[in-house]
Amino acid sequence: MGSEFIVFLAVAIVAIGAAVGMALSRNALYSAMFLILNFACVAVLYLLLNAPFLAVAQVTVYTGAIMVLFVFVIMVLGAEKLPAGESRKEMAWQRPLALGLGVLLLIQAAYVVFTRVVSSSATKLIDSSPLAIGKALFGPYLFPFEVASILLLAAMVGAVVLTRKE
Amino acid sequence: MNETTPYILLSALLFSIGAVSVLTRRNAIMIFMSIELMLNAANLAFVAFAKQWGQLDGQLFVFFVMTVAAAEVAVGLALIVAIFRAKKGTDVDDLSAMKN
């Protein structure tokens, strides 16, 4: 523990606060900003977890590409104002039920984490530099890597076709 | 209680917040953002376990999850734009054309 745990605690509190803010905000644009803050916090946690490549990828891919796309679409559609009476009258029971199910999910996860605890952990840190990641990507993970490229190409063509004006 | 337990608990908490948000929100864009939060929570668990077991595979899996999330967001937001043009809104309760 020590200083590393203090950093974790501070970042975790900010991440949880950002997630709650995203879930509760009445403005879609504020929600997007809260989510960006959450992603940045998770990037810091990746650094703590010995994953520098993923931390940079998190910032560039998630906060840099995905969330920019979200903010762009929200602004283009002008859909940032969410109506205050968002919950319908006939679905009034749905909100407490969802909250209860969420708490149940959290309790289940915590139960599993605390009962199936494995005390053994790796004593030495692995080499997780971009060089090691690249060697693994073009070695044992070459086939999934190529499939991912085809997936991205298909997504690009799909997005262009879906938003094209007739 | 070992070194990765706090990370797994944080991951579970973020996932639960995302799940509750998916269930309570009516706006398609908000539901989509909550799904991103859940994907991110799962990624955090992957990286934490990769450190615990001293293996690189967890980190590579997160890399592929990021790729799939990027593809999913591109297509999903294109669908939302198309729905917004057709329905003048992104409320999921209004998308019941196949029911009636």
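## Basis

Because this is a predicted model, local features need pLDDT of at least 70 and side-chain atom pairs count only at pLDDT 80 or more, while totals for chains, interfaces and linings use all residues. Residues are numbered from 1 along each chain as its sequence is written, and chains are lettered from A, with ligands numbered from 1, in the order in which they are written.

## Chain A

Chain A has six helices and zero strands. Its pattern along the sequence is α-α-α-α-α-α. Helices (H or I, at least four residues) and strands (E, at least two) are DSSP runs, numbered from the N terminus. Of the 166 residues in chain A, 22% are buried. Buried here means 20 or more other C-beta atoms within 10 Å of the residue's own; exposed means 12 or fewer, and partly exposed lies in between, with C-beta atoms placed from the backbone.

Chain A splits into domain 1 (1–82) and domain 2 (127–166). These bounds come from an automatic or database domain assignment. The C-alpha centres of the two domains lie 23 Å apart.

## Packing of α2(A) and α3(A)

The axes of α2(A) and α3(A) come within 8 Å and cross at roughly 175°. Axes are lines fitted to C-alpha atoms, for helices over the stretch in contact; angles run from 0 to 180 degrees between N-to-C directions. The two helices are therefore roughly antiparallel to each other. Angles over 145 degrees count as roughly antiparallel, under 35 as roughly parallel, 65 to 115 as roughly perpendicular and the rest as oblique.

Residues in this contact include A:L35, A:F39 and A:Y46 of α2(A), and A:Y62, A:M67 and A:F70 of α3(A). A contact requires C-beta atoms, placed from the backbone, within 7 Å. By class, 20 residues are nonpolar, two polar and none charged. Nonpolar covers Ala, Val, Leu, Ile, Met, Phe, Trp, Tyr, Cys and Pro; charged covers Asp, Glu, Lys and Arg; the others, Gly among them, are polar.

## Chain B

Chain B contains three helices and zero strands. Its elements run α-α-α from the N terminus. Of its 100 residues, 53% count as buried.

The radius of gyration of chain B is 17 Å, whereas a compact globule of 100 residues would have one near 13 Å. The radius is taken over C-alpha atoms; the globule rule is 2.2 Å times the number of residues to the power 0.38. Along the principal axes, the C-alpha atoms of chain B fill a box of roughly 50 × 25 × 20 Å.

## Where the chains meet

The contact draws 66 residues from chain A and 60 residues from chain B. On the chain A side, the elements that give two or more residues are α1 (3–24), α2 (28–48), α3 (52–77), α4 (94–115), α5 (130–137) and α6 (142–163). That side divides into 53 nonpolar, nine polar and four charged residues.

One helix pair here is α3(A) with α3 (residues 57–87) of chain B; their axes come within 11 Å and cross at roughly 5°. That angle makes α3(A) roughly parallel to α3(B). The classes are 18 nonpolar, one polar and no charged.

## A buried glycine

A:G102 sits in helix α4 of chain A. It counts as buried because it has 22 C-beta neighbours inside 10 Å. Leaving out residues up to four places away in sequence, A:G102 touches B:S16, B:A19 and B:V20.

How values were computed:
Two residues are in contact if their C-beta atoms, placed from the backbone, lie within 7 Å.
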